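Trainee: Let's zoom in on the pockets in this one. Please take me through what lines them, in as much detail as you can.

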Amino acid sequence: MKKILFLLSLLLILSCSSSEEEEKVPGTFKTNVLVEDITGTWCGWCPRVAYKLQELQKTTSQLIVVAAHYGSSGTLDYEKVNEIKSAFGVSSYPYAILNRSSKWNEQDSQITSLTGVAATAGVAIESAINNTNLTVTIKVGFSQDFTNLKYVIYLLENGLLADQANYADLGYGPANPLVDFEHKHVLRKALTSGPLGDAIPDASSTNGSIFKETHTYTIPAEWNKDKMEIVAFVVKSDKSVINARHSDFGNTQTFQALSD
């Protein structure tokens, strides 16, 4: 009996040690780059941006794309897209916002130049899905002190079909419209109070600390939960993105150290 109790205690200690090790904050984090593409099925030049981003994603796993639709046919529109447009001065199209700090100039180098830069905050996502009930936990680790931060959690859906206006051969052929065009990374919902995010307490964003917050959501029946993904990111008071992460449903992530 004593031997059994000893083994159980040892397993508990090892389990706790493993858990604590996973919670350690790296000194520097890998940087993921967020691009929010403000688009619509009516926008005949927008396939150009979608194609360039799609091709760049084939070469790097550190590019995270979000397609925020408005004025589109069917049910592609994001209900709070005007909050994004107003916050970042979007007035012409195509318009893709790079890390919420500038308009993407459609050059790969503007993105790839950021992927090797060390970040001092990192994001990890944990999620579970039970039927249509989704639970998402964001974890943000810090290797320096920050203040006045916010976090955003998005739900995206892939594989949505809708005709797309197309003014030239921009990567998908010359047809206009592109019939049953496959729309990817379509922004469906912000689990935070909106696309501009919710506050992270200053006490939770100090060097070595980890901020955690859990959200729950019931996936609507008309959405395909098997083609959905989660995007989470952290922004500074000037609205610029410090770091971002994406995940499929049901995954548990650890922090990405720069050396990984």
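Mentor: Start with the second largest pocket: strand 14 (residues 241–248) supplies the largest share of its lining, three residues. (Strands are DSSP E runs of at least two residues and helices H or I runs of at least four, numbered from the N terminus.) Bear in mind that this is a predicted model, where local features need pLDDT of at least 70 and side-chain atom pairs 80 or more, while totals for chains, interfaces and linings use all residues. Numbering runs from 1 along each chain as its sequence is written, and side-chain values use heavy atoms, without hydrogens and water.

The lining includes Val241, Ile242 and Asn243, together with Thr31, Asn32, Asn99 and Phe146. Leu114, Val117, Ala118, Ala119 and Thr120 line this pocket too. (A pocket is an open set of points on a 1 Å grid over the protein atoms alone, with protein on both sides within 12 Å along at least five of seven lines; lining residues have an atom within 4 Å of a point.) By class, that makes seven nonpolar, five polar and no charged residues, around a volume of about 160 Å³.

Now for the largest pocket, at about 280 Å³. Its lining has 18 residues, and closest to the centre are Ala50, Tyr172, Phe181, His183 and Lys184. Strand 1 (33–39), helix 2 (46–57), strand 2 (63–69) and strand 9 (178–183) each give two or more residues, with helix 2 giving the most, six. Here the lining splits into eight nonpolar, seven polar and three charged residues.

Methods:
On a 1 Å grid over the protein atoms alone, a cavity is a set of points where a 1.4 Å probe fits but cannot get out, and a pocket is an open set with protein on both sides within 12 Å along at least five of seven lines; lining residues have an atom within 4 Å of a point. Grid points are joined across faces, edges and corners, and a volume is the space filled by probe spheres set on the points. Ala, Val, Leu, Ile, Met, Phe, Trp, Tyr, Cys and Pro count as nonpolar, Asp, Glu, Lys and Arg as charged, and the others, Gly among them, as polar.
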